[in-house]
Amino acid sequence: MAELAGLEDPRMREVNEKHGDDHGVNLGRLRALAKRLKTQQELARRLWATGDTAARLLATLICRPKAFERVELDAMVREARAPKAHDWLVNYVVKKSPHAEELRLAWLADPDPVVASAGWALTAERVTKKPEGLDLAGLLDVIEAEMKDAPDRLQWAMNTCLARIGIEHAEHRARAIDIGERLEVLRDYPTSPGCTSPFAPIWITEMVRRQHDE
């Protein structure tokens with residue numbers, strides 16, 4: 001914890017706090033620290049238990065994802081209120097867990113929008129990597145009905161799922177683009193030069209174009 005405190009940069013904290021992340025640690029230096037520590041499951045659990053966001057980020061990098069019980073991961077997702085900690089937990093830990101599918105189904109229906117967003121993030125992953133058994137048309141029905149008024153983080157995860165369906169599944173592409181056009185979610189999202197807009201119709205069209213170019 002002392003070492004993490006030594007990596008704290010007040011200017012970085014100021015920038016991060018605008019996005020809801022209460023830490024000021026340079027992520028490159030955090031990754032270098034994780035590389036030095038290597039995998040240490042018990043240390044990861046203790047770091048997570050501190051409640052400190054930088055410590056929790058480090059925990060996601062040094063843990064053994066398959067070593068967590070389902071109930072532990074469920075509790076961790078509910079505790080991870082800082083967006084970056086939530087994001088890293090879902091992407092680096094939950095996605096590699098044997099409990100991922102069980103948690104995906106449970107979280108999709110959760111009344112807490114941040115927990116539900118984890119369910120949608122896992123669903124977007126399955127849309128891309130293992131779509132067999134998913135009801136893609138049914139997912140589009142839910143997105144069409146609920147995405148427009150969903151809270152920010154849930155809306156972002158649903159939009160990602162919408163884009164993934166449009167990018168990966170040609171038979172649903174026209175409908176995915178149409179839903180994006182009508183709902184206009186993230187249409188005006190500020191996008192840096194060289195980056196693809198998260199507005200689903202632009203995102204889908206650009207990624208499909210790249211696939212064709214390859």
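Analyst: Buried means under 20% relative accessible area, exposed means over 50%, and partly exposed is in between, with a 1.4 Å probe and protein chains only. This is a predicted model, in which local features need pLDDT of at least 70 and side-chain atom pairs count only at pLDDT 80 or more, while totals for chains, interfaces and linings use all residues. Residues are numbered from 1 along each chain as its sequence is written, and side-chain values use heavy atoms, with hydrogens and water left out.

User: How many salt bridges does the structure hold?

Analyst: Side chains of opposite charge can pair when their charged atoms come close. A salt bridge is counted here when a side-chain nitrogen of Lys or Arg is within 4 Å of a carboxyl oxygen of Asp or Glu. By that criterion, the number of salt bridges in the structure is 24.

User: Which residue does Glu8 meet in a salt bridge?

Analyst: Glu8 is partly exposed, with a relative accessible area of 28%. The side chains meet at 2.6 Å, N to O, and the partner of Glu8 is Arg13.

User: How many residues apart in sequence are the parts that the pair Glu72 and Arg45 ties together?

Analyst: The side chains of Glu72 and Arg45 meet in a salt bridge at 2.7 Å, N to O. Helices are DSSP runs of H or I with at least four residues, strands are runs of E with at least two, and both are numbered from the N terminus. Because Glu72 lies in helix α6 (residues 70-79) and Arg45 in helix α4 (residues 41-49), the pair ties together parts whose separation in sequence is 27 residues.

User: Are Glu72 and Arg45 buried, exposed or partly exposed?

Analyst: Glu72 has a relative accessible area of 22%, which places it in the partly exposed class. For Arg45 the relative accessible area is 26%, and its class is likewise partly exposed.

User: Which residues are joined into one network with Glu144 and Arg182 by salt bridges that share partners?

Analyst: The side chains of Glu144 and Arg182 meet in a salt bridge at 2.6 Å, N to O. Glu144 lies in helix α10 (residues 136-146) and Arg182 in helix α12 (residues 170-183), so this pair ties together parts that are 38 residues apart in sequence. Salt bridges that share partners join Glu144 and Arg182 into one network with Asp141, Arg175 and Asp178.

User: How many disulfides does a search of the whole structure find?

Analyst: A disulfide is a covalent bond between the sulfur atoms of two cysteines, and the cut-off applied here is a pair of cysteine sulfur atoms within 2.5 Å. As for individual cysteines, Cys161 is buried at 0% relative accessibility, whereas Cys195 is partly exposed with a relative accessible area of 48%. The number of disulfides found in the whole structure is zero.

User: Is α4 roughly parallel or roughly antiparallel to α5?

Analyst: Axes are lines fitted to C-alpha atoms, for helices over the stretch in contact, and angles run from 0 to 180 degrees between N-to-C directions. α4 and helix α5 (residues 53-62) pack at an angle of about 160°, with their axes 8 Å apart. Angles under 35 degrees count as roughly parallel, over 145 as roughly antiparallel, 65 to 115 as roughly perpendicular and the rest as oblique, so the orientation of α4 relative to α5 is roughly antiparallel.

User: Which residues does Thr60 contact, leaving aside its neighbours within four places in sequence?

Analyst: Thr60 is found in helix α5, where it counts as buried at 6% relative accessibility. Contact means heavy atoms within 4.5 Å. With neighbours within four places in sequence left aside, the residues in contact with Thr60 are Trp48, Trp88, Leu89, Tyr92 and Val93.

User: Is Asn159 buried or exposed?

Analyst: Asn159 has its place in helix α11 (residues 152-168). Not counting residues up to four places away in sequence, Asn159 touches Met147, Val185, Leu186, Pro198, Ala200 and Trp203. Its relative accessible area is 2%, so Asn159 is classed as buried.
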